[in-house]
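Student: Hi, could you walk me through this one? I'd like to start with the pockets.

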Amino acid sequence: MSEHASRQATRIDDIQGRFDPWLLGVVLALASLGVVMVGSSSIYQDADPFHYLSRHLMFLGAGGVLALMAARTELKTVERHNHLMLLGCVVLLLLVFIPGLGVSVKGAHRWINLGVSNFQVVEAVKVLFIIWLASYLVRFRDEVNATWIAMLKPLGVVVLLVALLLLQPDFGSSSLLLAITAGMLVLGGVNMPRMFGPVLVGLPVLAFIAVLEPYRMRRLTSFMDPWADPFGSGYQLTNALMAAGRGEWFGVGLGSSIQKLYYLPEAHTDFILAVIAEELGFAGVCTVIALYALLVGRALWIGLKCVEMRRHFSGYLAFGIALWIGLQSFVSIGVNLGLLPTKGLTLPLISSGGSSVLMTCLAMGLLLRVSYELERAQRQVARLRGEDGEGASPLSPEPVRTPGAPRSSREADASPRGTSRLHQRIEPVLGRSP
């Protein structure tokens with residue numbers, strides 16, 4: 001390598017990126033709103049009025065540390081350990097069945113005892129599985145579109161994880177994992193006609209599993225008409241709907257909710273949006289929806305830009321996190337407003353819940369890292385354009401040359417090299433056509 005090329009490579013390597021300000025802003029806004037609403041909705045839930053708020057702040061602080069660590073970790077390091085991510089998913093889902101380590105709550109084996117707190121393992125599984133699937137789509141990008149076996153492998157993996165989740169049981173998280181997998185495969189360029197087969201087989205199976213257990217059937221029937229049994233199977237939904245109705249346009253005022261006074265179960269976790277609707281009204285709910293739309297939309301946009309620059313792992317990772325946050329927030333909002341059957345899914349970054357807060361913060365750290373490395377790559381490409389043009393700015397106009405006039409030797413030598421190098425770096429590719 002010549003001395004000039006060495007100096008140029010050093011200057012390129014010295015370029016740093018920056019975290020996407022829109023993404024960082026919306027994450028901080030949702031987390032701040034969560035602190036306020038957890039404090040408001042849980043103030044009467046315990047003898048200590050600040051018990052749940054203190055726990056939420058503690059987990060949010062720990063989650064901030066995890067997010068900072070993830071944001072400072074090179075994504076190539078994360079991708080290198082993809083097989084450990086998949087192994088971690090299986091191990092975590094098996095740990096809940098070990099006596100003494102697994103914790104059973106209301107007949108469900110979803111937690112492990114960490115001493116200071118219980119941890120719901122499926123929250124970590126969501127992050128680990130998205131990382132593994134993003135890596136898989138990079139390694140088998142062409143095969144996923146061209147062959148059955150490459151497409152069915154990730155589906156077989158998620159079916160195994162879903163089977164372990166159903167043993168806990170956790171139907172809501174199982175459905176979420178399946179939806180994330182299908183979405184990432186579509187965004188990864190899977191052959192769409194071939195994808196219809198597993199979907200057509202899987203939907204009736206899910207429907208059968210949903211109605212197999214009596215408690216799931218009661219949730220479905222109570223969702224259709226919660227007022228038929230307002231003190232039984234429809235108790236949660238009727239109180240959530242009353243809270244939303246009382247809020248009207250601008251709410252009854254922060255801290256003035258009545259439904260949170262022991263009427264609305266899980267007011268600070270699964271049904272926190274109902275408290276937001278009552279205290280902040282229709283305007284508050286629209287604000288929450290707009291924040292999630294901005295977060296998911298920005299994540300998808302960042303993922304698309306990564307794929308266009310051939311940073312496929314970063315792009316698929318952003319797609320997976322966007323699908324997770326978008327689908328989970330959609331389900332949680334739908335449950336609170338009576339649009340979907342009751343499921344035990346928290347509202348990301350807002351609801352109280354140690355496991356959810358920790359892993360969502362970790363995912364946001366990874367997403368911020370994706371934006372950082374994308375910005376860095378864009379600046380490196382811009383620097384290459386400027387240096388390949390003898391130090392000219394990337395925005396400077398092309399020199400005017402008379403048609404038919406011979407090009408200078410420097411122009412003839414430099415142009416093809418710069419064009420081919422840039423073409424290789426930033427050629428837009430999103431999956432593969434059927």
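Student: Which residues lie nearest the centre of the second largest pocket?

Tutor: Ser-175, Leu-178, Ala-179, Leu-203 and Leu-206 lie nearest the centre, out of 34 lining residues. A pocket here is an open set of points on a 1 Å grid over the protein atoms alone, where a 1.4 Å probe fits, with protein on both sides within 12 Å along at least five of seven lines; lining residues have an atom within 4 Å of a point. This is a predicted model, where local features need pLDDT of at least 70 and side-chain atom pairs count only at 80 or more, while totals for chains, interfaces and linings use all residues. Residues are numbered from 1 along each chain as its sequence is written, and side-chain values use heavy atoms, leaving out hydrogens and water.

Student: Which helix gives the largest share of that lining?

Tutor: H10 does, with 10 residues. Helices H8 (148–166), H9, H10 (192–212), H11 and H14 (312–336) each supply at least two. Helices are DSSP runs of H or I with at least four residues, strands are E runs of at least two, and both are numbered from the N terminus.

Student: What's the split by class there?

Tutor: That lining has 27 nonpolar, 4 polar and 3 charged residues. Asp, Glu, Lys and Arg count as charged, Ala, Val, Leu, Ile, Met, Phe, Trp, Tyr, Cys and Pro as nonpolar, and the others, Gly among them, as polar.

Student: And how is the lining of the largest pocket divided?

Tutor: Into 16 nonpolar, 22 polar and 11 charged residues. About 1600 Å³ of space lies in that largest pocket, the volume being the space filled by probe spheres set on the grid points, which are joined across faces, edges and corners. Of its 49 lining residues, Lys-106, Arg-110, Trp-111, Glu-266 and Asp-270 are the closest to its centre. H11 gives the largest share of this lining, 6 residues.

Student: Switching topic: which residue caps the N-terminal end of H2?

Tutor: Asp-20, with a side-chain oxygen 3.3 Å from the backbone nitrogen of Trp-22. H2 covers residues 21–41 and reaches 30 Å from its first C-alpha to its last, close to the 30 Å expected (1.5 Å times one less than the number of residues).

Student: Which H2 residues are buried?

Tutor: Among them are Leu-23, Val-26, Val-27, Leu-30 and Met-37, buried meaning under 20% relative accessible area with a 1.4 Å probe, protein chains only.

Student: How many of the chain's residues are buried?

Tutor: Buried residues make up 46% of the 434.

How values were computed: Buried < 20%, exposed > 50% of the residue type's maximum accessible area, 1.4 Å probe, protein only. Polar contact = N/O pair within 3.5 Å; in protein donor to acceptor, adjacent residues only side chain to side chain.
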